[in-house]
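Let's take a friendly walk through one protein model. Have the sequence and the 3D view ready as you read.

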Amino acid sequence: MNIGAGFEAVFLDPVGQAVQQRWADAALAVAFEDLDPVSAFPVVPGRRWGPGLWWSATTGRHVAAGSNAMRLQLMVLDRAPDVTGLAGRPVRLLWRNSRGLVRSWVPQLFARYRDGTALLADCPSRPDAGGERALAAAEAVSTACQDIGWSYRCLPPLDEALAANLKWLAGYRHPRHRGRTGLLEAVVDVFARPRPLVEGVTAAGDPIEVLPVAFHALWAGLLEAAMDVPLHERVLVQAPASGGRLEGGGRAGRGAGAGIGEAG
């Protein structure tokens, strides 16, 4: 298996049996976003956060997450309007290095895009995580993805303020936070022009009822606010110039019958 030509994919079929297939064929035919992890995320003694499940607003299903860093990257992708599917560790790639030795790597994260292409990614908690082996694997997996028109990225840790904001808004990602009929639309309408969060919420009704809906709209992209500074009651909020994604529900309407139940 020469780099760029002979990659193989190993994954679990719907009944849990391991399958090995030529990478180019598997990428064309297999819905990796629907598969279970090909191998479990490791449990590292002493870490404050271990493997768990993330409930995805995009798919209405759970995604395996191996670390807090990965969970944060799942939040970013779960909000992305062009992402349609997510999975944790669904495929192992095999190849031979320049010395003919078989090597393998399981990227932590898979994301499917609306155009059918996909992203394989790793989510290190620090830039030097994994050492030389991770660097060599990243180069090989990047080549494998380029060969089929996909992409591979080693996603850097998020800025502290962005991470905190995403964690807060993620608590309101479930469709139940749309509120009573018509309230979400009313909340978006009051922010047709930029105004402080607390002013718009008060204009739309009782803050106790309206605030969760406003946070849901911020999560779903129906409203916008600066995410590189901590959210607060005076932060400027507005509806996006494109009009948001209220049509057909968008992410704000997906998975309405699903439960939360995510770890963390």
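## The model and its overall make-up

This is a predicted model, in which local features need pLDDT of at least 70 and side-chain atom pairs count only at pLDDT 80 or more, while totals for chains, interfaces and linings use all residues. Residues are numbered from 1 along each chain as its sequence is written, and side-chain values use heavy atoms, with hydrogens and water left out.

The protein chain holds seven helices and twelve strands; these are DSSP runs numbered from the N terminus (helices are H or I, at least four residues; strands are E, at least two). Of its 264 residues, 47% count as buried, where buried means under 20% relative accessible area, exposed over 50% and partly exposed in between, using a 1.4 Å probe and protein chains only. Contact means heavy atoms within 4.5 Å. Among contacts between residues at least 6 apart in sequence, 65% join residues at least 24 apart.

## The largest pocket

How much space lies in the largest pocket? The computed value is about 1000 Å³, a volume being the space filled by probe spheres set on grid points, which are joined across faces, edges and corners. A pocket here is an open set of points on a 1 Å grid over the protein atoms alone, where a 1.4 Å probe fits, with protein on both sides within 12 Å along at least five of seven lines; lining residues have an atom within 4 Å of a point.

The lining of the largest pocket has 38 residues, and Gln108, Cys123, Pro124, Ser125 and Ala129 are the closest to the centre. Elements that give two or more residues to this lining are α2 (68-79), β7 (102-105), α3 (131-147) and β10 (151-154). Helix α3 gives the most, with five residues. By class, the lining divides into 20 nonpolar, ten polar and eight charged residues. In this scheme Ala, Val, Leu, Ile, Met, Phe, Trp, Tyr, Cys and Pro are nonpolar, Asp, Glu, Lys and Arg are charged, and the others, Gly among them, are polar.

## A pair of crossing helices

Helix α5 (residues 183-190) packs against helix α7 (residues 207-220) at an angle of about 75°, with their axes 10 Å apart. That makes α5 roughly perpendicular to α7, a label for angles of 65 to 115 degrees (under 35 is roughly parallel, over 145 roughly antiparallel, the rest oblique). The axes are lines fitted to C-alpha atoms over the stretch in contact, and angles run from 0 to 180 degrees between N-to-C directions.

On the α5 side, Leu183, Leu184 and Val187 meet Glu209, Val210, Val213, Ala214, His216 and Ala217 of α7. This contact has seven nonpolar, one polar and one charged residues.

## Residues in loops and a helix

Arg89 sits in the loop between β5 (83-88) and β6 (92-96). Its phi is positive, about 50°, although Arg89 is not a glycine. Arg89 is buried, with a relative accessible area of 13%. Ser39, in the loop between α1 (23-29) and β3 (52-55), is also buried, at 19%. Leaving aside neighbours within four places in sequence, Ser39 is in contact with Arg89, Arg92 and Val106.

Is Pro127 buried or exposed? At 79% relative accessibility, Pro127 counts as exposed; this proline lies in the loop between β9 (118-122) and α3. Pro127 and Pro157 are 30 residues apart in sequence and 8.2 Å apart in space, C-alpha to C-alpha. Thr202, in helix α6 (residues 197-204), counts as partly exposed at 48%.
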